[in-house]
Amino acid sequence: MTDIETSPRLWTETGFRDDEWVRVEEAEALAGQGRRIVPLGVFLSLDEARRVSLAASTGVEILPGEALDPILPCLDDLAMVVLPFPAFNDGRSFSKAELLRRRHGYRGIVRATGDVLIDLIPHMLRTGFDEMVVSNPTALARLREGRVGGLPLHYQPTARPAAPGASYSWRRQPAA
C-alpha cells in the first residue's frame with residue numbers, strides 16, 4: 001500500500017472529500033481565517049463574546065470523558081462537534097452523538113475521529129455522525145470500493161430512524 005492509501009481521509013456518505021478544517025491547540029490560533037477545531041478546554045477558556053463570534057467557524061473536540069453540558073448554550077451557533085473514538089471498544093462518543101441530535105437538537109456537523117473501523121461506520125451514521133476521519137487501511141479500502149457494510153435490521157432507536165420494512169420492532173413493544 002502507498003502512503004496515500006493509509007493516510008487519514010475525511011469520509012461522508014457521499015464519499016471522500018478534502019478536509020477544510022484545521023486542528024489547533026491554542027486560542028491564539030483562532031485569530032486567523034478559516035475553520036478551526038479546538039479542544040473543549042480551549043473553547044471554554046474564551047470569553048463568552050469571543051465564543052459566540054467564533055462559533056460559526058469553530059469545531060469543538062469533546063473527549064469521551066468530558067461532558068456535553070458546557071457547550072449546550074452555544075449549540076445553535078457551533079459549526080462542528082468532534083467526538084473521538086480513542087479505542088474501538090470505547091463507545092461513549094456514540095452516546096454523545098445521539099444526545100446531541102435527539103435530546104439537544106443539534107443541526108451542525110458531528111465528526112468522528114480516532115479508531116474509526118468499517119464495522120462501526122453504519123452505527124456512527126445511525127447515531128448522528130455526518131463525517132468520519134478514517135485511517136484504518138481496511139476501512140479506507142472498503143469505503144473506496146463503496147462497501148460501507150452494516151446490518152439491514154435494527155432494534156434500537158437512534159437519531160436516524162431505520163428504513164421502513166424488515167425490523168425487530170417487536171422487541172420494543174410492551175409485553176401483553
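Which residues of strand 5 are buried on one side and which on the other? In the predicted model described here, local features require pLDDT of at least 70 and side-chain atom pairs count only at pLDDT 80 or more, while totals for chains, interfaces and linings use all residues. Residues are numbered from 1 along each chain as its sequence is written, and side-chain values use heavy atoms, with hydrogens and water left out. Strand 5 (residues 58–61) is covered on both faces: Thr 58 and Val 60 are buried on one side, and Gly 59 and Glu 61 on the other. Buried denotes a relative accessible area under 20%, exposed over 50%, and partly exposed the range in between, with a 1.4 Å probe and protein chains only. In a regular strand the side chains alternate between the two faces of the sheet.

The chain contains six helices and eight strands. Helices (H or I, at least four residues) and strands (E, at least two) are DSSP runs numbered from the N terminus. The order of elements from the N terminus is α-β-β-β-β-α-α-β-β-α-β-α-β-α. Of the 176 residues in the chain, 41% are buried. Contact means heavy atoms within 4.5 Å; among contacts between residues at least 6 apart in sequence, 50% join residues at least 24 apart.

The eight strands form an open sheet of mixed pairing in the order 2-1-8-7-6-5-4-3. Strand 2 (15–17) and strand 3 (21–23) are the edge strands, each pairing on one side only. From one strand to the next the twist averages 30°. Two strands are taken to pair if DSSP finds at least two bridges between them. Strand 5 runs parallel to strand 4, to which it is joined by four bridges, and pairs with strand 6 in the parallel sense over three bridges. Helix 4 (residues 92–103) lies across strand 6 (80–85) and strand 7, at about 160° to strand 6. For such angles, axes are lines fitted to C-alpha atoms, for helices over the stretch in contact, and values run from 0 to 180 degrees between N-to-C directions.

A nonpolar core is a set of buried Ala, Val, Leu, Ile, Met, Phe, Trp, Tyr and Cys residues joined through side-chain atoms within 4.5 Å. The largest such core has 40 residues, of which Ile 71, Val 81, Ile 121, Met 124, Phe 129, Met 132 and Val 134 touch the most other members. At least two residues of this core come from each of helix 2 (40–45), strand 6, helix 4, strand 7, helix 5 (121–127), strand 8 and helix 6 (137–144). A second, separate core of five residues includes Trp 21, Ile 37, Ala 79 and Met 80. Leaving aside residues up to four places away in sequence, Ile 121 touches Trp 11, Val 116, Met 132, Val 134, Leu 143 and Val 148.

The structure holds 10 salt bridges, each defined as a side-chain nitrogen of Lys or Arg within 4 Å of a carboxyl oxygen of Asp or Glu. One of them joins Arg 17 and Glu 131 at 2.5 Å, N to O. This pair links strand 2 with strand 8 across 114 residues. Arg 17 is partly exposed at 31% relative accessible area, whereas Glu 131 is buried at 2%. Arg 17, Asp 19, Arg 111 and Glu 131 are linked in a network of salt bridges. Arg 92 and Asp 90 form another salt bridge, with the closest N and O atoms 2.8 Å apart; Arg 92 is partly exposed at 42% and Asp 90 is buried at 12%. In the salt bridge between Arg 102 and Glu 98, the closest N and O atoms are 3.0 Å apart. Both residues lie in helix 4, four residues apart, about one turn of the helix, and Glu 98 is buried at 17%.

Arg 36, in strand 4 (residues 35–39), is buried yet has no salt bridge. Asp 19, the nearest side chain of opposite charge, is 10 Å away; Lys and Arg count as positive and Asp and Glu as negative, with His and the chain ends not counted. Beyond residues up to four places away in sequence, Arg 36 touches Trp 21, Val 22, Val 24, Ala 29, Leu 30, Ser 57, Thr 58 and Gly 59.
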